[in-house]
Amino acid sequence: MAAKRRLVDDLLRGENHQIVNRSSRGRPEACLHPVWREKVIKWYFSIVSALDRQHHSPDGPFNRSSVHVTTALLDSYLLALPSELALRYKHDRAAYQLLATTCLLIGMRLTQHDQQRKSQVPSENENSDGNDRPTCQLKRAKTHRDHMDQADHQDVDAGAENGSPSHGRPQASCSSTTMVVIPTAATILQMSAAPKTISESKILTMVREVTGSRAFPRSHVITALDYIRVLTSSTQEENSDVKLTQEVAEEAYRLADISLTDVSLIGCRPSVVASAAITLALFRSHHGSRDMVSLRDMVSLRQDVCATIVGEDPAFQVAVRKVEAKLLAAAHQATHAHAPRQMQMNPPIMHRATAHLIPLEE
C-alpha cells in the first residue's frame, strides 16, 4: 500500500509541475480545430498499431502510451503559442499535418526513453567495470531542445541503410525497448501516404521548433494511463479499496483513449480523467449492463477511487463526476461510430498502410 501511495504521489507531483507550466488560455476550442484534432488522434492510433505489428514488441514504444504522450505534446505546443500563431494551425491544414506528424515522431521517442529509463532502474549500479559507457546509448537528454534533431538526423543517416540508429545499436545490457528502432520521418511519411507538402526536411525543422518551445516537457509526461497502470499493478495483498483486474483496467484504458478526442477535456488533470475512467470501468464491471445506473453505487465507487488517488477532496470528486458524464457521452457516440474498436491497441486495428490524417476534400 505504501509503495503504491508513493507512486501515486510521484505522479501527482509531476502532474502539478505540468499544470504550472501549462498555458492558461481560456477555451482550447478557440485556437484548435476539433475535427482535425480528432482525425489525427485516430491516425496516431492507426500508425502506432501498424508499427506494433511490424516490430512485435509488446514492451516497445508502439502502444497507446505513445498516442497519449503525442497528443499531450500537440495540445501543449498549440496552447503555448500566441493566439495569432495558433490560429494558423486552425486554418492551415498543411501546417497542422506537419505539426501532427512531427509530434508523433517525438512522442514515440519520448515513450521509448521513459521505458528505457524505467528498465534501467534495477540495474543502474551493475555497470561497475570502470567504463563511462552508459547502459543504453540513447538518452532522454537527446530530446531536449538542441539534441532532438541531432538524434533524428543520426537515425535518418544510418537507419536508411540498416534500419538502426548509428549511435544506438543494442547492447546486451540494454532493455528490450532498445532493440526497437523508432521510425524515421521518411518511414512515417511513406506509411501515411502523406501529401507532397510534407517532407522529411520540413519535419526535422519542425522537430527543432517543437523541442525548443517552452511548452516542451523536460520530464516524464504524466497521462491518465499512468494512474490506471499504478492501480492495476497493485497486488492482492495490499490493503486497498481499489484494485483493478486486467479486464477492468482494459476498459479504463479504452475510456482514457476515448477521452483524447474530446477537446473540452484538454485542460483536465490526468488524475481527474483517470479517476473518471476507473470509476466507470469499475461500475460496468460490477453491474454488467452498461445501461444500468445506480446513483448510490456510482457515488460510492467514485469516492473510493478519488480517495485512493488524492484522498478526501470534494472538489476533486465534483471534477471527476463532470468528466464521467463527458466520457459516457463520448463512449456512447463512439459505440455507434464503431470508434472504440478502432482505438484499441489489442487487437491491432490496421492491416495496411493508413491514409494520411486529413483528407484533402475536407
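Guide: Two residues are in contact when heavy atoms of theirs lie within 4.5 Å. Of the contacts in this chain with a separation of 6 or more, 81% join residues 24 or more positions apart. The model is predicted: local features need pLDDT of at least 70, side-chain atom pairs count only at pLDDT 80 or more, and totals for chains, interfaces and linings use all residues. Residues are numbered from 1 along each chain as its sequence is written, and side-chain values use heavy atoms, leaving out hydrogens and water.

The chain has 14 helices and 0 strands (DSSP runs numbered from the N terminus: H or I of at least four residues for helices, E of at least two for strands). Of its 362 residues, 52% are buried (under 20% relative accessible area with a 1.4 Å probe, counting protein chains only; over 50% is exposed, and in between is partly exposed).

Beyond its neighbours within four places in sequence, Leu99 is in contact with Leu74, Tyr77, Leu78, Tyr89, Met206 and Val210.

The whole structure holds 3 aromatic pairs (rings of Phe, Tyr and Trp, the last by its six-membered ring, with centres within 6.5 Å; planes under 30 degrees apart are stacked, over 60 edge-to-face, and the rest tilted). One of them joins Trp36 and Tyr96, a tilted pair with 5.8 Å between centres and 45° between planes. Because Trp36 belongs to helix α2 and Tyr96 to helix α5, this pair ties together parts 60 residues apart in sequence. Trp36 is buried, at 7% relative accessible area, and Tyr96 is buried at 2%. Trp43 and Tyr44 also form a tilted pair, since their ring centres are 5.7 Å apart and their planes meet at 45°. Tyr44 is buried at 0% relative accessibility, and Trp43 at 2%.

Finally, Tyr89 has Arg88 over its face, 5.4 Å from the ring centre (NZ of Lys or CZ of Arg must be within 6 Å of that centre and within 35 degrees of the ring normal).
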